[in-house]
Amino acid sequence: MLLVGCTPVLAAAEPGLAALKVVPGADGSETYSVTIQVLLFMTALSLLPAALMMMTSFTRIVIVLAILRQALGTQQSPSNQVIIGLSLFLSLFVMMPVFDQVYDDALGPYLQDKIQVQEAVERASRPFRGFMLEQTRDDDLSLFADISNAGEFESADDVPFSLLMPAFITSELKTAFQIGFLILIPFLVIDLVIATLLMSMGMMMLSPMIISLPFKIMLFVLIDGWSLIMGTLAASFMS
């Protein structure tokens, strides 16, 4: 009954959705209606977590902190929420120059109606592209260029995002595990020493992790480990 009552109203309505309009410009460009822009913006927000991991320093930081927790042997301390929070705000610190440039070059002029959406997106991609290229190894770029048969590029501006992103995340994974390896070595030495002492004393049933945990925490505190880790991670992006 509700559908039957609404039929005359629907019939009298304008065919199509007025909000879904594309207005051609004088120079051949196209301007989308406000509703489409909002729809595209909401779609972009749904991809924000993936962009956070694939285009910023977040991946390297969160992997190193997870390896650090594993090396300390503290199980769930610090918790996953703490590690994610530390990684997020340290990434914000590292990426702040990039964010400032994006706002000055793209977001600010777009909010002031000085540029269109397409130009704003293009300007916003440049700082991220520069950051990603600085952190990407040449051999990783060459690897994905060979896989895609893209050949050689004359300049960094010719590298497409579809190729730069996997090369960047591969380089980040390599760097994160290299830093994690260096973090693991001193704690591994402590575990080996404690395990050797327990075996020499005939206490083979006692877990070495229980005895070595206080020594590893003491070592980490004495060398001011958190400052060293955070400072090293931040400085690794500034070189």
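**Core, cavity and salt bridges in a helical model**

Q: Which helix gives the most to the lining of the largest cavity?
A: That is α4, which supplies four residues of the lining. Please note that the model is predicted.

Q: What volume does the largest cavity have?
A: Its volume is about 40 Å³. The structure holds one cavity of 30 Å³ or more.

Q: On to the core, then. How many residues are in the largest nonpolar core?
A: This core contains 40 residues, and F131 and L233 have the most contacts inside it. Helices that each contribute at least two residues are α4 (58-72), α5 (80-111), α6 (117-135), α7 (138-147), α8 (161-200) and α10 (225-238).

Q: Which of them gives the most to this core?
A: The answer is α4, with ten residues. As background, nonpolar side chains in soluble globular proteins tend to be buried together.

Q: What is L233 in contact with, leaving aside its neighbours within four places in sequence?
A: L233 is in contact with I61, V64, L65, L90 and I179. One of these, L65, also lines the largest cavity.

Q: Now the charged residues. How many salt bridges does the count come to?
A: The count is six. In general, side chains of opposite charge can pair when their charged atoms come close.

Q: Which residue does R60 meet in a salt bridge?
A: R60 pairs with E172, at 2.6 Å from N to O. R60 belongs to helix α4 and E172 to helix α8, so this pair ties together parts that are 112 residues apart in sequence.

Q: Are R60 and E172 buried or exposed?
A: Both R60 and E172 are buried.

Q: What else is in contact with R60?
A: T175 is in contact with R60, and T175 also contacts R137, leaving aside neighbours of T175 within four places in sequence. T175 is found in helix α8.

Q: Why is T175 classed as buried?
A: Its relative accessible area is 14%, and buried means under 20%.

Q: Which residue does K174 meet in a salt bridge?
A: K174 meets D139, at 4.0 Å from N to O. K174 lies in helix α8 and D139 in helix α7, so the pair ties together parts that are 35 residues apart in sequence. K174 is partly exposed, with a relative accessible area of 34%, and D139 is partly exposed at 45%. Salt bridges with shared partners join D139, D140 and K174 into one network.

Q: Where do R126 and E122 lie?
A: They are four residues apart in helix α6, which means that about one helical turn separates them. E122 is partly exposed, with a relative accessible area of 46%.

Q: A change of topic: how far apart are the end C-alpha atoms of α9?
A: They are 21 Å apart. The 15 residues of helix α9 (residues 208-222) should span 21 Å at 1.5 Å a residue, so the two values agree.

Q: Which residues of α9 are buried?
A: S212, K216 and F220 are buried in α9. An α-helix has 3.6 residues a turn, so residues three or four places apart point the same way.

Q: What covers the buried residues of α9?
A: The covering elements include α4, α8 and α10.

Q: What is the phi of D224, which follows α9?
A: The phi of D224 is positive, near 55°.

Q: Finally, T196: is that residue buried or exposed?
A: T196 is exposed, with a relative accessible area of 51%. T196 is found in helix α8. From T196 to P208, the C-alpha to C-alpha distance is 8.9 Å, and they are twelve residues apart in sequence.

Terms used:
Residues are numbered from 1 along each chain as its sequence is written. This is a predicted model: local features need pLDDT of at least 70, side-chain atom pairs count only at pLDDT 80 or more; totals for chains, interfaces and linings use all residues. Side-chain values use heavy atoms; hydrogens and water are left out. A nonpolar core is a set of buried Ala, Val, Leu, Ile, Met, Phe, Trp, Tyr and Cys residues joined through side-chain atoms within 4.5 Å. Buried means under 20% relative accessible area, exposed over 50%, partly exposed in between (1.4 Å probe, protein chains only). Contact means heavy atoms within 4.5 Å. A salt bridge is a side-chain nitrogen of Lys or Arg within 4 Å of a carboxyl oxygen of Asp or Glu. The expected span of a helix is 1.5 Å times one less than its number of residues. On a 1 Å grid over the protein atoms alone, a cavity is a set of points where a 1.4 Å probe fits but cannot get out, and a pocket is an open set with protein on both sides within 12 Å along at least five of seven lines; lining residues have an atom within 4 Å of a point. Grid points are joined across faces, edges and corners, and a volume is the space filled by probe spheres set on the points.
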